[in-house]
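Me: Could you walk me through this structure and show me how to read its features one by one?

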Amino acid sequence: MQNLEKLEKSKGVLLFAFNNSNTDYIAIAQQAVTLIKRNLKLPVTLVTGLTETVDFAVDNLLRIDNKSKNYRISTDTGRIIKWTNSDRYRAYELSPYDETILLDTDYLVLDDSLLKFFDTEWDYLIPNKNFNVGTGLTVNTMTRFGIDFLWATVVFFRKTVAAQDLFNMVGRIQRNYSYYQKLFNIAPANFRNDYAFAMANIILNGYNFAPATILPVTLTTIVEPVTSIQRQGNLLAVKTASSAYVLPVGNLHVMSKSYLASAAFGEFVDAT
């Protein structure tokens, strides 16, 4: 007899983490997994390289041969450092879930607010707004006359044709980045996932703004070097090298990788 009951879709979180000589991204991923498990109660798949040591539990551990070389300016030191940020376009292929939240490991999941988006209709969702603590809303275009900025820090996607097309296009942009950089008048020559997802999204939507693809969340980002984060009831006390902030408890994007890999951050996670 045919089963007419609606099958439950599998849901989970996908993380990418590749160590380099400057940053222990696996240590950061370990804390990210702890927060995700505690606040979202979802399975987690971690994608990493062939040699990284992962000595903590994840639901799925996938290893890929990522040979990309990229560089960025360190939030903590101001120096140019190595950075492995490519192959994110493989998230569609690698995710074992019907519905996936793709997160950067430096995005701290401190509440369950992301869960509500599973109950809405979408092929994929990417936020286009970001609030930098201390300076306010960031610019919402990639260049002065460019297209709307998207923040690939948080990406929802389902296993649909439209989502697959998005990730395939991101891969094409990565492989031909110098061409697309000039096509969209992007000043930085360095590959960035935010740029690639924004370009892919607008191409697939006929070079038009597509509200249905926008995650209605404003990211909250700390860009300064962080020295401590403490929770005090419903508030977060964040100290940086030069300032102190009090924020409501909520998901937080922390650019200070040295803090996220520190014992002090581990203590915050354990106490939260």
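Me: Where is Ile 64 found, and is Ile 64 buried or exposed?

Reply: Ile 64 is found in the loop between strand S3 (60-63) and strand S4 (70-73). Helices (H or I, at least four residues) and strands (E, at least two) are DSSP runs, numbered from the N terminus. For burial, look at relative accessible area: under 20% is buried, over 50% is exposed, and in between is partly exposed (1.4 Å probe, protein chains only). Ile 64 has a relative accessible area of 6%, so Ile 64 is buried. Before we go on: this is a predicted model, where local features need pLDDT of at least 70, side-chain atom pairs count only at pLDDT 80 or more, and totals for chains, interfaces and linings use all residues. Also, residues are numbered from 1 along each chain as its sequence is written, and side-chain values use heavy atoms, with hydrogens and water left out.

Me: Okay, which residues is Ile 64 in contact with, leaving aside its neighbours within four places in sequence?

Reply: Contact means heavy atoms within 4.5 Å. Setting aside neighbours within four places in sequence, Ile 64 is in contact with Phe 18, Val 47, Thr 48, Gly 49, Leu 50, Asp 87, Arg 90 and Leu 94.

Me: What about Glu 8 and Asp 98, how are their C-alpha atoms separated?

Reply: Those two are 90 residues apart along the chain, and their C-alpha atoms are separated by 9.5 Å. Glu 8 sits in the segment before strand S1 (11-16). With a relative accessible area of 68%, Glu 8 is exposed.

Me: Where is Pro 248, and is Pro 248 buried or exposed?

Reply: Find Pro 248 in strand S15 (residues 244-248). Pro 248 is exposed, since its relative accessible area is 61%. Leaving out neighbours within four places in sequence, Pro 248 touches Asn 234, Leu 235 and Leu 236. Its C-alpha atom is separated by 9.3 Å from that of Gly 233, which is 15 residues apart from Pro 248 along the chain.

Me: Now polar contacts. Which side chains does the side chain of Thr 45 make polar contacts with?

Reply: A polar contact is a pair of N or O atoms within 3.5 Å; within protein, one must be able to donate a hydrogen and the other to accept it, and residues adjacent in sequence count only if both atoms are side-chain atoms. The side chain of Thr 45 makes one with the side chain of Asn 60 at 3.2 Å, and another with that of Tyr 97 at 2.8 Å. Thr 45 lies in strand S2 (residues 44-48) and is buried, with a relative accessible area of 0%. Leaving aside neighbours within four places in sequence, its contacts include Val 13, Leu 15 and Pro 96.

Me: And which side chain does the side chain of Arg 88 make a polar contact with?

Reply: That's Asp 104, at 2.9 Å. Arg 88 belongs to the loop between strand S5 (80-83) and helix H2 (91-94). Its relative accessible area is 10%, so Arg 88 is buried. Beyond neighbours within four places in sequence, Arg 88 is in contact with residues including Phe 16, Leu 102 and Phe 197.

Me: How do I read helix packing, say what angle H1 and H7 make?

Reply: Axes are lines fitted to C-alpha atoms, for helices over the stretch in contact, and angles run from 0 to 180 degrees between N-to-C directions. Helix H1 (residues 25-39) and helix H7 (residues 263-271) pack at about 10 degrees, with their axes 10 Å apart. Angles under 35 degrees count as roughly parallel, over 145 as roughly antiparallel, 65 to 115 as roughly perpendicular and the rest as oblique. H1 and H7 are therefore roughly parallel to each other. The contact involves Gln 31, Thr 34, Leu 35 and Arg 38 of H1, with Phe 265, Gly 266 and Val 269 of H7.

Me: Last one: what is phi of Asn 185 near?

Reply: Most residues other than glycine have a negative phi. Phi of Asn 185 is near 60 degrees, a positive value, and Asn 185 lies in the loop between helix H4 (177-183) and helix H5 (193-204). Phi of Tyr 207 is near 60 degrees too.
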